[in-house]
Amino acid sequence: MIDQFINFVIRPPRADYNPEQYLWEKEFTLAGRQFKRQDLELTNARGHKLRCSHYMPSPFPEETPLPCVIYCHGNSGCRADANEAAVILLPSNITVFTLDFSGSGLSDGDYVSLGWHERDDLKIVVSYLRSERQISRIGLWGRSMGAVTSLLYGAEDPSIAGMVLDSAFSNLFDLMMELVDVYKIRLPKFTVKMAVQYMRRVIQKKAKFDIMDLNCLKVAPKTFIPALFGHASEDKFIQPHHSDLIFKSYAGDKNVIKFDGDHNSSRPQFYYDSVSIFFFNVLRPPQISSACSSKLEKYYDLGDLKVGAGMDEDPMLSRNIRPDGDEQSNLQDKPNGQSDECCSYTSSNRESWGRCSSLGGSDEESSADCTAANNGNQVTLDVLATPLKSTQQKSSDPPKEEKKKQKKQKKQKKRDSTTPKPKHEKLEKLEALSKRLRLCILKRQVKPLERCHLFWMEAFS
């Protein structure tokens with residue numbers, strides 16, 4: 001059992017995936033625009049090679065730097081977990097950079113550290129992006145271990161424009177003590193504490209970090225970067241009160257979103273909408289040109305795309321089974337009457353290898369498609385924080401028959417306004433005016449009395 005807990009911290013199930021199958025293509029179309037995936041390798045301070053991918057427009061706009069969001073995966077995840085982030089952010093002219101942390105995915109290293117050494121990996125990525133003149137502002141989006149990594153790094157680099165922190169834990173020691181109760185390990189408390197101390201020494205020897213140093217509550221009061229917190233209300237792996245504790249002690253501008261689900265479940269559409277709007281506000285990407293947003297006849301449907309290369313972060317539930325199924329991408333015609341660009345998807349990227357599912361859910365978890373109704377009664381846009389221009393331009397000159405109808409309606413309104421009103425309506429208005437007058441008189445009488453009362457209270461105090 002102790003070995004299982006040690007593996008939970010430093011050696012959870014590792015994602016072994018094929019980048020050509022589980023990442024976006026080298027060249028792909030999204031929301032009617034062309035994008036590309038640029039793969040690269042960076043080397044961290046410990047000499048480990050980090051496999052990275054950068055999603056950006058193709059071609060990249062000249063003399064127009066774009067902001068970038070770095071997606072930080074969980075302890076059993078990999079850079080394929082950022083596929084959803086690419087769908088959400090790329091149409092808003094925000095590039096997405098993702099990596100396999102040391103000890104995760106296809107990068108070098110034998111152990112993870114739940115944020116301690118991953119912070120140094122993130123520093124290497126930020127330095128690389130700073131050296132690129134094509135990148136303007138930088139944001140961080142982390143989930144679980146990635147959220148802790150983002151928070152630890154953000155405390156050291158105030159130049160980060162904003163952070164999205166999904167399911168972060170407040171400190172590792174408390175989390176480990178809680179998991180003993182969650183998995184109903186019946187041991188006396190002093191025995192558990194002794195076991196944790198033993199684990200602490202083993203982890204220090206193998207992974208070169210102290211579990212007692214992983215405490216987000218120490219850095220949160222010193223961090224002033226705008227942050228959006230998120231947590232599932234039924235999360236039993238990292239319980240919601242962890243985010244509550246960090247949120248209360250966080251010094252910067254902050255907001256928190258709670259939603260249904262557990263630690264590894266799909267995030268709801270409104271949460272992704274909030275993330276998109278948050279990054280649009282803090283990163284301030286340049287506006288999308290009209291040339292890219294006009295004359296679009298198709299949208300990118302992710303309904304059948306297999307992307308779940310990440311695994312459940314709960315080691316008691318994870319199974320190291322390779323998924324089967326090739327990547328599929330379909331371009332479908334837009335529904336009749338739809339006038340704005342949209343992109344439909346659901347997020348189930350956090351499922352285990354045995355239950356590796358796509359961004360497109362089943363019938364029960366259907367995609368929250370973006371729809372824009374022409375009748376004007378209901379307009380919803382689920383992916384883009386900044387709506388693009390309409391693809392169907394309405395004719396500027398209405399038909400002659402419609403003009404005649406509009407003239408008749410205006411004349412009818414004028415007649416209705418000039419017709420004398422019934423007596424009972426006039427009486428009701430007079431009664432309402434009299435009530436208002438009474439209230440005004442009463443207020444004028446009450447204010448002097450209140451002032452007198454305050455005067456005598458101060459005199460006798």
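Let's begin with L114, which is buried at a relative accessible area of 5%. Select L114 in your viewer and you will find yourself in the loop between β5 and α4. Check the backbone there too: phi of L114 is near 55°, a positive value in a residue other than glycine. Keep in mind throughout the tour that this is a predicted model.

**Stop 1**

Is S104 buried or exposed? With 2% relative accessibility, S104 counts as buried, because the cut-off for that is under 20%. Now show what surrounds this serine. Leaving aside residues up to four places away in sequence, S104 touches R14, H73, N75, G77 and V112.

Draw a distance from the C-alpha of N75 to the C-alpha of Y111: the two residues are 36 apart in sequence and 10.0 Å apart in space.

**Stop 2: a buried proline**

Move to P91, in the loop between α3 (83-89) and β5 (95-99). This proline is buried, with a relative accessible area of 2%. F35 and P91 are 56 residues apart along the chain, and their C-alpha atoms are separated by 9.6 Å.

**Stop 3: the loop between β3 and β4**

Next, select S58 and P59. What kind of peptide bond joins S58 and P59? The bond is cis, with omega about 0°. P59 belongs to the loop between β3 (49-57) and β4.

E63 is in the loop between β3 and β4 too. Although E63 is not a glycine, it has a positive phi of about 55°. Color by accessibility and E63 counts as exposed, at 83% relative accessibility.

**Stop 4: helix α1 and helix α6**

Now show helix α1 (residues 2-10) together with helix α6 (residues 172-182); their axes come within 12 Å and cross at roughly 140°. That angle makes α1 oblique to α6. The crossing of α1 past α6 is right-handed.

**Stop 5: helix α1 and helix α7**

Which residues of α1 meet α7? They are I2, F5, I6, V9 and I10, and on the α7 side they meet A195, Y198, M199, V202, I203, K206 and A207. The contact of α1 with α7 divides into eleven nonpolar residues, no polar ones and one charged.

To finish with this helix, select F5, I6, F8, V9 and I10, which are buried in α1. What covers the buried residues of α1 includes both α6 and α7.

**Stop 6: the nonpolar cores**

In soluble globular proteins, nonpolar side chains tend to be buried together. With that in mind, select V9, I70, F97, L129 and L172. Of the 61 residues in the largest nonpolar core, these five touch the most other members.

Center the view on I70. Leaving out residues up to four places away in sequence, I70 touches F97, L99, L122, V125, V126, L129, I138, G139, L140 and W141. A second, separate core of 36 residues includes A86, I88, L228 and F279.

**Last stop: the whole chain**

Zoom out to a cartoon view. How many helices and strands does the protein have? There are 13 helices and 13 strands. Of the 461 residues in the protein, 48% are buried. Among contacts with a separation of 6 or more, 77% are between residues 24 or more positions apart.

Methods
Residues numbered from 1 in each chain as written. Predicted model: local features only at pLDDT ≥ 70, side-chain atom pairs only at ≥ 80, totals over all residues. Heavy atoms only, no water. Axes fitted to C-alpha atoms, helices over the stretch in contact; angles between N-to-C directions. Helix = DSSP H or I, 4+ residues; strand = E, 2+ residues; numbered from the N terminus. Parallel < 35°, antiparallel > 145°, perpendicular 65-115°, else oblique. Left-handed = near helix turned anticlockwise from the far one by under 90°. Core = buried A, V, L, I, M, F, W, Y, C linked by side-chain atoms within 4.5 Å. Buried < 20%, exposed > 50% of the residue type's maximum accessible area, 1.4 Å probe, protein only. Contact = heavy atoms within 4.5 Å. Nonpolar A, V, L, I, M, F, W, Y, C, P; charged D, E, K, R; others polar.
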